[in-house]
Amino acid sequence: MISPVLSDDVAAALADGAPVVALESTIFSHLGLPSPNNREALDRCLSAIVDGGAVPAITAVLDGVARVGLSADEHARILGPARKAAERDLAVAIGQGWAFGATTVSASVALAAHAGVSVFATGGIGGVHRGAELTGDISADLDAMAHHPVITVSAGAKAFLDLPRTLEYLETVGVPVLGWRHDDFPAFYTRSSGVPVPHRVESADEVAAILAARSRDRSGMLVAVPIPEGDALDADALDGVLAQALTDADAAGIVGAAVTPFVLGRIGEATAGESVPANLALAENNARVAAEIAVAVAGRAD
C-alpha cells in the first residue's frame, strides 16, 4: 500500500491539525505550462495558499518516492521534463523509480488522501469525453474523487469535454458538486458552461459542513470555482476554436490523454497566448479558495 513521504512542514501542520492544501505537479512541469509560465504558476499558487493561512503540499513522485509536500530547494525539479502519473501509474512510478512522475488530479487526490490532507486545488478536472459512449474515455479524475475523502477545488472541467455527462457521472458515483458563489458549472477558461450545478455554496464553512455530513466516508467532493470575470476568455470565440480542434484531433486519430494537450495548444494559438494568463489566474484563484476551505475544515475539526 502506498505511503507517501511528507515534507517537514506538511507533517507538522497535519500533526497540529493546521490547514493544508494539496497541489498537483503536472501543471508546473513541461507537461502543463511552458517556461517561465510554469514557475509563475507555482509561485502564485504557493503564495495564495500561504496568504490564506494554509500550508501548501505539492504532490509528486521523485526518484521513485511518492511525496506530499516539497522543500523550496526541490521546486526546480518539478519545473522541467516529466512523465505524467495518474493514480493507476503511481505504483509503476514507485516500483520503477521514476525520476519525476508529475501527478495528475487523480494521483494527487489519492496521495492527499493517503497523507490525510482533506483539500486539493487544481486548474480543471478531466471528465467524460465527447463520444465516450463509443470510446469509453472517462477520466480517472472522477473515480478518484468518488473513492477518496478529499475536496477538489477546480475551475470546473475542460470545455472540450462532455460536461453534462461529466456531471451526470459524478451524480452516479455519489460525488457532490458545489458551485462556489455561482449557479453554473464553469468550463475552465469561461465562467459558465451553460449547465447548472446541483448546489450552490456561499462560504467555506458551508463546504466544511457538507464534507462532515456526507454519507460515504471514503467519498470526496468537487467545488467548482468560476475563473475571475476579468480573466475569462470570450465564450463564443472559444466555442469555434474548440469545435475545429476536436475535428482536427479526430481526423488525426488523436485520442485519450493526448487530446488535452492537443486542444489546449490549439486554444493557445487561436487566442494569441491569452489562454496562458487565464490559466494562471484561475489556478491562483482556485488555490486561494482552497486555502479558505482548508481553514474552515481545520477549524471544524478543532
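Visitor: Is F188 buried or exposed?
Guide: First, a caution: this is a predicted model. Now the reading. A residue counts as buried when its relative accessible area is under 20%. F188 has a relative accessible area of 4%, so F188 is buried.

Visitor: Which aromatic pair does F188 form?
Guide: Searching the whole structure gives one aromatic pair. F188 and Y189 form that pair, and the geometry is edge-to-face. The ring centres are 4.7 Å apart, with 70° between the planes. Y189 is buried as well, at 5% relative accessible area.

Visitor: Which charged end sits over the ring of F188?
Guide: That of K158, 5.2 Å from the ring centre. W98 has a charge over its ring too: the charged end of R83 lies 3.9 Å from the centre.

Visitor: On to salt bridges. How many does the count come to?
Guide: For a pair to count, a side-chain nitrogen of Lys or Arg must be within 4 Å of a carboxyl oxygen of Asp or Glu. By this rule there are eleven salt bridges. One of them joins R44 to E40, with the closest N and O atoms 2.9 Å apart.

Visitor: Where do R44 and E40 lie?
Guide: Start with the general idea. An α-helix has 3.6 residues a turn, so residues three or four places apart point the same way. Now the case here. Both R44 and E40 belong to helix α2, residues 37-51. Four residues separate them, about one turn of the helix.

Visitor: What is the relative accessible area of R44?
Guide: It is 24%, so R44 is partly exposed. E40 is also partly exposed, at 32%.

Visitor: Which residues are linked with E40 and R44 in a network of salt bridges?
Guide: E284 and R288.

Visitor: Now take D89. With which residue does D89 form a salt bridge?
Guide: With R88, at 3.4 Å between the closest N and O atoms. D89 is buried, with a relative accessible area of 17%. R88 is exposed, at 73%.

Visitor: How far apart are the closest N and O atoms of D162 and R165?
Guide: They are 3.6 Å apart, and the two residues form a salt bridge. D162 counts as buried at 17% relative accessibility. R165 is partly exposed, at 40%.

Visitor: How many residues of helix α4 are buried?
Guide: Read a helix residue by residue. In α4, residues 105-115, nine of the eleven are buried, so the helix is mostly covered by the under 20% cut-off. Among the buried ones are V105, V109, L111 and A115.

Visitor: What follows α4?
Guide: G116 does. The phi of G116 is positive, near 90°.

Visitor: Last, pockets. What is the volume of the second largest pocket?
Guide: The general idea comes first. Rolling a probe the size of a water molecule over the atoms shows where empty space is left. Here, the second largest pocket has a volume of about 320 Å³. It is lined by 14 residues, and those closest to its centre are R130, D250, I254, V255 and V259.

Visitor: Which helix gives the most to the lining of the second largest pocket?
Guide: Helix α9, residues 235-251, with three residues. Six of its residues are nonpolar, five are polar and three are charged.

Conventions: Residues are numbered from 1 along each chain as its sequence is written. This is a predicted model: local features need pLDDT of at least 70, side-chain atom pairs count only at pLDDT 80 or more; totals for chains, interfaces and linings use all residues. Side-chain values use heavy atoms; hydrogens and water are left out. On a 1 Å grid over the protein atoms alone, a cavity is a set of points where a 1.4 Å probe fits but cannot get out, and a pocket is an open set with protein on both sides within 12 Å along at least five of seven lines; lining residues have an atom within 4 Å of a point. Grid points are joined across faces, edges and corners, and a volume is the space filled by probe spheres set on the points. Helices (H or I, at least four residues) and strands (E, at least two) are DSSP runs, numbered from the N terminus. Ala, Val, Leu, Ile, Met, Phe, Trp, Tyr, Cys and Pro count as nonpolar, Asp, Glu, Lys and Arg as charged, and the others, Gly among them, as polar. Buried means under 20% relative accessible area, exposed over 50%, partly exposed in between (1.4 Å probe, protein chains only). Rings of Phe, Tyr and Trp (its six-membered ring) pair if their centres lie within 6.5 Å; planes under 30 degrees apart count as stacked, over 60 as edge-to-face and the rest as tilted. A charge sits over a ring if NZ of Lys or CZ of Arg is within 6 Å of the ring centre and within 35 degrees of the ring normal.
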